[in-house]
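Q: Please take a close look at one part of this model. Pick a single element and show how the rest of the fold relates to that part.

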Amino acid sequence: MLDTTQTIACLFDLDGVILDTETQYSVFWVDTCKRYLNDGSLGNKLKGQSLELIYKTLFPNQPELCAKITEQLDAFEASMKMEYIPGFPSFITQLKEHGVKTAIVTSSNKAKMQSVKKNRPELWDVFDFVLTAEQFAHSKPAPDPYLLGAKKTQAAISNCVVFEDSFNGLKSGRAAQMKVVGLATTNPKEAIKDYADMVISDFTEITYDTIIHL
């Protein structure tokens, strides 16, 4: 059970957790890998990875191609639908009413987050911090992103709860030794259950009281 006499922090990934965007990204990366690597299946293996890591892994030493893909990605993101995962607005309101500190901890970069801000400016009002890829020494699945989230919110690691959907993100929360709630928005419940303390389909299945008693 979390210590309600001390600061509690809820740390959220963005895509597939707050925003229902992962299926859209899959379309982009499958198409991109098919076009430039003749293997569209690689696009389904990139969930939870930073853009820097994707380029380092799939397009090493190809700065001109990476710049071209970045332009295509920027244009794609500008036209994306950014709907909330069901139940998220109500859940985040509950957390704020109970004084829980909150942070977005995403592998997305600042450029991508500008597109999000244009579509969902209210996120900057309800979250105490928005942490992006540029701020982490090592990206997910390393614990660095969520450890920084704990530091920013001034919450003890034992009083932090991570919300993630991708394997890299779930592993990051685990590596940070925090409680982890897995969302089965990107991967099946059965596939992620061993990486989380609790698995939900969306935020209609969880309340403030639920996380306190994890």
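A: Four of the five residues of strand 5 (residues 179-183) are buried, so strand 5 is largely enclosed by the rest of the structure. Buried means under 20% relative accessible area, exposed over 50%, and partly exposed in between, with a 1.4 Å probe and protein chains only. Helices (H or I, at least four residues) and strands (E, at least two) are DSSP runs, numbered from the N terminus.

The model is predicted: local features need pLDDT of at least 70, side-chain atom pairs count only at pLDDT 80 or more, and totals for chains, interfaces and linings use all residues. Residues are numbered from 1 along each chain as its sequence is written, and side-chain values use heavy atoms, with hydrogens and water left out.

Now the neighbours of strand 5. Strand 4 (residues 160-164) pairs with strand 5 in the parallel sense, over four bridges. Two strands pair if DSSP finds at least two bridges between them. Valine 180 in strand 5 is the bridge partner of valine 162. Strand 6 (residues 198-200) also pairs with strand 5 in the parallel sense, here over three bridges. Leucine 183 stands opposite isoleucine 200 of strand 6.

Helix 8 (residues 167-175) makes a right-handed β-α-β unit with strand 4 and strand 5. A crossover is right-handed if, with the strands pointing away from the viewer, the path from the first strand over the helix to the second runs clockwise.
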